Amino acid sequence: VVDSDSLYVFGGLGKFGLSGALWQFGLQSGAWQLVQANGARPAARAAHSAVLASGSMYVLGGHGRVGERQTMLADLHRLILDGMAWETAAPRGDSPCARCSHAALYVGGSMYVFGGEGLQQDQRRVRRRADPNGSSEEEEEEEEEDGAESIESSDDGSVDSLGEEGVQSRSGPPPQRFTMLS
């Protein structure tokens, strides 16, 4: 993320594996600096997202380790840039599922999260549908053989899937949104 005259980069994947390092690049000086921030630093990760909001960098999800197990992450962390201190963020409401390789942006007081790779424990996708009475039912769909599809969302909340059979429309949620805590 870019804040005034600095670019901040957290984590990533290199020749030695996952990184939990925080780097700052001075846009004026052209120099990199390894930053030692206070607080509970997020676990090393790659393929996560980061956004700048209200003087803080928020880091969401990615691919990392829990103990000795490699897994996708769903956690949200906040780096307060003024003072360089990490904290675990606690968003209100529902949070996105564990994912990596997703996109995120911050607009109008909310962080929007879209796409990425989510947990596929049994190669099935579970989709919730709400009925008019407010309850929901889960529907399992067989995952496409290669598991690949490109999804775009429109303003009405429908989702268009571009698979081998062409564009197929289905009802579904728009990109996930949650409100950031200040």
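In what order do the strands of the open sheet of 4 strands stand?

**View 1. The open sheet of the predicted model.** The order is β1-β2-β3-β4, and the pairing is antiparallel. Strands are DSSP runs (E, at least two residues), numbered from the N terminus, and two strands pair if DSSP finds at least two bridges between them. β1 (2–3) and β4 (32–35) stand at the edges with a single partner strand each, so one side of each has no neighbour in the sheet.

**View 2. The pairing of β2 with β3.** β2 pairs with strand β3 (residues 17–26) in the antiparallel sense over 8 bridges. F10 lies opposite L22 in β3.

**View 3. A nonpolar surface patch.** V9, W23, W32 and L34 make a patch of about 380 Å². Patches consist of residues with over 30% relative accessible area and no salt bridge, nonpolar side chains being joined within 5 Å and like charges within 9 Å. A salt bridge is a side-chain nitrogen of Lys or Arg within 4 Å of a carboxyl oxygen of Asp or Glu. Areas come from the Shrake-Rupley method with a 1.4 Å probe. V9, in strand β2 (residues 6–14), is partly exposed at 33% relative accessible area (buried is under 20%, exposed over 50%, partly exposed in between).

**View 4. The surroundings of R45.** R45, in strand β6 (residues 45–46), is buried at 0% relative accessibility. Beyond its neighbours within four places in sequence, R45 has contacts (heavy atoms within 4.5 Å) that include F10, L18, V59, D75 and H77.

Residues are numbered from 1 along each chain as its sequence is written, and side-chain values use heavy atoms, without hydrogens and water. In this predicted model, local features need pLDDT of at least 70 and side-chain atom pairs count only at pLDDT 80 or more, whereas totals for chains, interfaces and linings use all residues.

Key
Buried < 20%, exposed > 50% of the residue type's maximum accessible area, 1.4 Å probe, protein only.
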